[in-house]
Amino acid sequence: MDLGVHVIEPSGILDGTQTAAFRQQVDAALEKGVKILLIDLKDITFVDSSGLGVLVACLKNARTAGCKMYVCSINDQIRMLFELTSMDRVFEIFEDRALFEAAILK
């Protein structure tokens, strides 16, 4: 059963140098009509303000497209950034992909 889950796994540092490529990946997924988008940040070591901005922009685009977007596997730096900016209330965040699948794909 395909629930239309599309996973994007950026790596390294999500900053101004990476945001355009990341956004293209999200936009391409939304154009295909995916219904569930999972941003797996397990390979991201650091997110700056532009990285956070692109995540928020992608979330808005996903909602507009009728797609649910989730985030998983964030490290302590990203968690702190999300908490400081209250983004932990905006994004649905899962500890890892297994917990996401257990909660969303059941």
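Predicted model: local features only at pLDDT ≥ 70, side-chain atom pairs only at ≥ 80, totals over all residues.
Residues are numbered from 1 along each chain as its sequence is written, and side-chain values use heavy atoms, with hydrogens and water left out.

**Stop 1: two helices side by side**

Helices (H or I, at least four residues) and strands (E, at least two) are DSSP runs, numbered from the N terminus. The crossing of α1 and α2 is right-handed; a crossing is left-handed if the near helix is turned anticlockwise from the far one by less than a right angle, and right-handed if clockwise.

Which residues make the contact? From α1, show Thr 19, Phe 22, Arg 23, Val 26, Asp 27 and Leu 30. From α2, show Ser 50, Gly 51, Val 54, Leu 55, Ala 57, Cys 58, Asn 61 and Ala 62. Contact means heavy atoms within 4.5 Å.

Now pick Thr 19, which lies in α1. Leaving out residues up to four places away in sequence, Thr 19 touches Ser 50, Gly 51 and Val 54. Thr 19 counts as buried, at 16% relative accessibility. Buried means under 20% relative accessible area, exposed over 50%, and partly exposed in between (1.4 Å probe, protein chains only).

**Stop 2: along α2**

Select residues 49-64. Helix α2 has 16 residues and reaches 23 Å from its first C-alpha to its last. That is close to the 22 Å expected at 1.5 Å a residue; the expected span is 1.5 Å times one less than the number of residues.

Colour the buried residues of α2: Gly 51, Leu 52, Val 54, Leu 55, Ala 57, Cys 58, Leu 59 and Ala 62. An α-helix has 3.6 residues a turn, so residues three or four places apart point the same way.

Move to Thr 64, also in α2. Is Thr 64 buried or exposed? Thr 64 counts as exposed, at 71% relative accessibility. Draw a line from Thr 64 to Leu 30: they are 34 residues apart in sequence and 9.7 Å apart in space, C-alpha to C-alpha. Just after α2, Gly 66 takes a positive phi of about 75°.

**Stop 3: two serines with positive phi**

Most residues other than glycine have a negative phi, and most peptide bonds are trans. Select Ser 73, in the loop between β5 (68-72) and α3 (76-84). Phi of Ser 73 is near 60°, a positive value. Ser 73 is buried, with a relative accessible area of 14%.

Next, select Ser 86, in the loop between α3 and α4 (87-90). Ser 86 has a positive phi of about 60°. Ser 86 counts as partly exposed, at 27% relative accessibility.

**Stop 4: the charged network**

Side chains of opposite charge can pair when their charged atoms come close. How many salt bridges does the structure hold? There are four. A salt bridge is a side-chain nitrogen of Lys or Arg within 4 Å of a carboxyl oxygen of Asp or Glu. Select Glu 9, Asp 40, Lys 42, Asp 43 and Arg 97 together: they are linked in a network of salt bridges.

Start with Lys 42 and Glu 9, whose closest N and O atoms are 3.0 Å apart. This pair links distant parts of the chain, 33 residues apart. Lys 42 is in the loop between β3 (36-40) and β4 (43-47), and Glu 9 is in the loop between β1 (5-8) and β2 (11-14). Lys 42 is partly exposed, at 45%, and Glu 9 is partly exposed, at 39%.

Go on to Arg 97, which forms a salt bridge with Glu 9 at 2.6 Å between the closest N and O atoms. Arg 97 lies in helix α5 (residues 97-104) and Glu 9 in the loop between β1 and β2, so the pair ties together parts 88 residues apart in sequence. Arg 97 is partly exposed, with a relative accessible area of 27%.

Finish at Asp 43, whose side chain meets that of Lys 42 in a salt bridge (3.2 Å, N to O). Asp 43 counts as partly exposed, at 39% relative accessibility.
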